[in-house]
Amino acid sequence: MGAKLITGGIVINANYTGEADVLIEGERIAAVVAPDSEISKSAHHSDTEVIDASGMYVIPGGVDAHVHLQLPMTPETTSSDSFASGTAAAAWGGTTTVIDFAGQIKGTAIPHAIESRLAEASGQCAIDYGLHLSVGDVNQQSLIDLPKTLDEGISSYKLFMAYPDAWYSDDGQILQVMQLASETGAMIMMHAENGIAIDVLRDQAIERGKTGSIWHGRTRPPELESEAAHRAIQLAVVAGSPLYIVHLSSSNALAEVARARNDGRNVFAETCPQYLYLSLEEHLDQPGIDGVRHICSPPLREFSDGHQDNLWKGLRTDDLSVVATDHCPFCDAEKMLGVEDFRQTPNGLGVIEHRMDLLFQGVLQGEITLQRWVEICSTTPARLFGLQGKKGAIAPGADADVVIYDPSKEHILGAETHHMAVDHSAWEGVAVTGQAVSVLSRGQYVIKDRTFVGNEGHGQFLRRKIPDVLR
Ligand code: URP
Ligand code: ZN
Ligand code: ZN
C-alpha cells in the first residue's frame, strides 16, 4: 500500500484543532505536519496519493464501544445486523472501530463463549473490532477463567443487575468479579437497572391489562436505574475496581455518577444517541408497531422531566465520558412479537451508522465543542478500553483510521438510505448536517467519496490492553 497525504483539511483531535496535513504510510499515521512543511512539499512531488480535504474536517475514526451484532436475544430473535452488515454501516457513518460482546450464558464456560464469538466475527468485519465479555454465570470456574481473558485481548467485563431470567448477577457475584478486576485492572461495565424490582412491576402491569409499549417505560422507572447505579458504585468502591456504567439514560443515574466522580472515584458512564434525542412521550407512547420499535433497556425517558437536557450537560461537564450506540436492531416482524405484551419485544434500536452525525448536531446546536465531539466518540472510548495509542487520535504511530468529514453536507436519515440491515429507522426523516465523505481503516479506504470500497475480511480483531482509567 503506497503512502497517502491528506491535505488542506482541519485536523480535530480531542486536544487540538487546526490546519494540518496527515501523512499515512502503510497502516499507520507517519506524520501530522503544517501544510507548508517539507514533508508535505516532498509528498506532492513523489508517488504519494494526495487527498484534497479542503473545507473538510479530518478526524480520528469513531470508536463505538458498545454494539450487539447478530446477538441472539431469545430463541426466536437475533439482532438483524451481521458482523458484515453492521461494520459496513458503522464505516458509512465514520466509525472505524466497534467493540461487541462475547456472551457467557448460564451453564456455559467463558473460554467457549469467547471462542465461538471470535469464530462468528472472524473474516466478516469491514473495520477493526474488539470483544468485551458479558459474564452471565459467575461461579468458581468463571473466576478462574476470567484473568486468562486478558491474554486474549479481552480486558472488560459486562455484568447485569437487570434481566433476572438471563444475565443477572447478584451483589455477591458482582463484588467477586469486581475484586478480581481490581487486581488485574480490567474494566467492569454495568447494566445498572434493578431487574428484580422491574420484573415485579412488569408482571403487575400485564396482570392489570397494561400491555402497550409505554408500559415498558413505566415499569423501568429512573429510580430503579439510579438505585442500581448507586449500588454498583458502592460495590466498586469496596472492591477497588474501575466501573463504567453502560447506556446511562436518566438524570437520576447521572447524579450518582457525578457524585462518585466528584469524590475522585474511577467511575465512568456512557450514554447513547437515543437517550439524548428520543423520548418516552414522543416515541415509546405510540400504538402498535410505532411504539414497540422504540423498546430498549433502559427505556427512553420523559422529555418533560429534563433527562435529555441533563445528559447533554453531563457530556459537557465530563460526568458522562463516552457516547456509544448499544446498537441492537430488530426488524418489524420481531419487534411485533411484543405488540400485545411489551415483555415479548426484543430490546434494542439501530444506531451504529448515525452516532457521529447525531453527535455532530450537538456541536452545531452549541451543546458540545468540536474537540469534545471527537473526545467522547473516539478518544475516550479508545483509552477506557485499552486502545490508547492505536485508535482515537490523529497522531504519529496511531493506526491510520481517519475520517474526512464534510461539516456542511445536509442529508436526511431513514430506512431507504441507511446501510443497517433493519427495515425501519428510529431516525426516520431526521434532517442532519455533516457527513463522512471518505473513511480509512488502517490506511485503506472503506468508504471513498460516499462509495463503499471495503471488504469483509479487512477488519482485524483488536487485542486490547488494560484500560487507562486515571482520568
Ligand atoms: O435494549 C438494549 N439495550 N438491548 C441490548 C442489550 C443490552 O442490555 O445492552
Ligand atoms: Zn445492557
Ligand atoms: Zn448493550
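Reply: Helices (H or I, at least four residues) and strands (E, at least two) are DSSP runs, numbered from the N terminus. This chain has 16 helices and 21 strands. It's a predicted model, where local features need pLDDT of at least 70, side-chain atom pairs count only at pLDDT 80 or more, and totals for chains, interfaces and linings use all residues. Residues are numbered from 1 along each chain as its sequence is written, chains are lettered from A and ligands numbered from 1 in the order in which they are written, and side-chain values use heavy atoms, with hydrogens and water left out.

Me: What does the radius of gyration say about the chain?

Reply: That radius is taken over C-alpha atoms, and the globule rule is 2.2 Å times the number of residues to the power 0.38. With 471 residues, a compact globule would have a radius near 23 Å, and the chain's 21 Å agrees with that. Its C-alpha atoms fill a box of roughly 75 × 50 × 40 Å along the principal axes.

Me: Which residues surround ligand 1?

Reply: Being near means having a heavy atom within 4 Å. The residues around ligand 1 include His66, His68, Lys158, His247, Ser297 and Asp326.

Me: And which polar contacts does ligand 1 make with lysine 158 and serine 297?

Reply: A polar contact is a pair of N or O atoms within 3.5 Å. A polar side-chain atom of lysine 158 is 3.0 Å from an oxygen of ligand 1, while a polar backbone atom of serine 297 is 2.8 Å from a nitrogen of the ligand. The protein covers 97% of the 270 Å² of accessible area that ligand 1 has on its own (Shrake-Rupley method, 1.4 Å probe).

Me: Where is there a cis peptide bond?

Reply: Between serine 297 and proline 298, with omega about -5°. Proline 298 sits in the loop between α12 (288-292) and α13 (307-317).

Me: What about the phi of histidine 247?

Reply: Histidine 247 has a positive phi of about 30° although it isn't a glycine, and lies in the loop between β15 (243-245) and α9 (251-262).

Terms used:
Polar contact = N/O pair within 3.5 Å; in protein donor to acceptor, adjacent residues only side chain to side chain.
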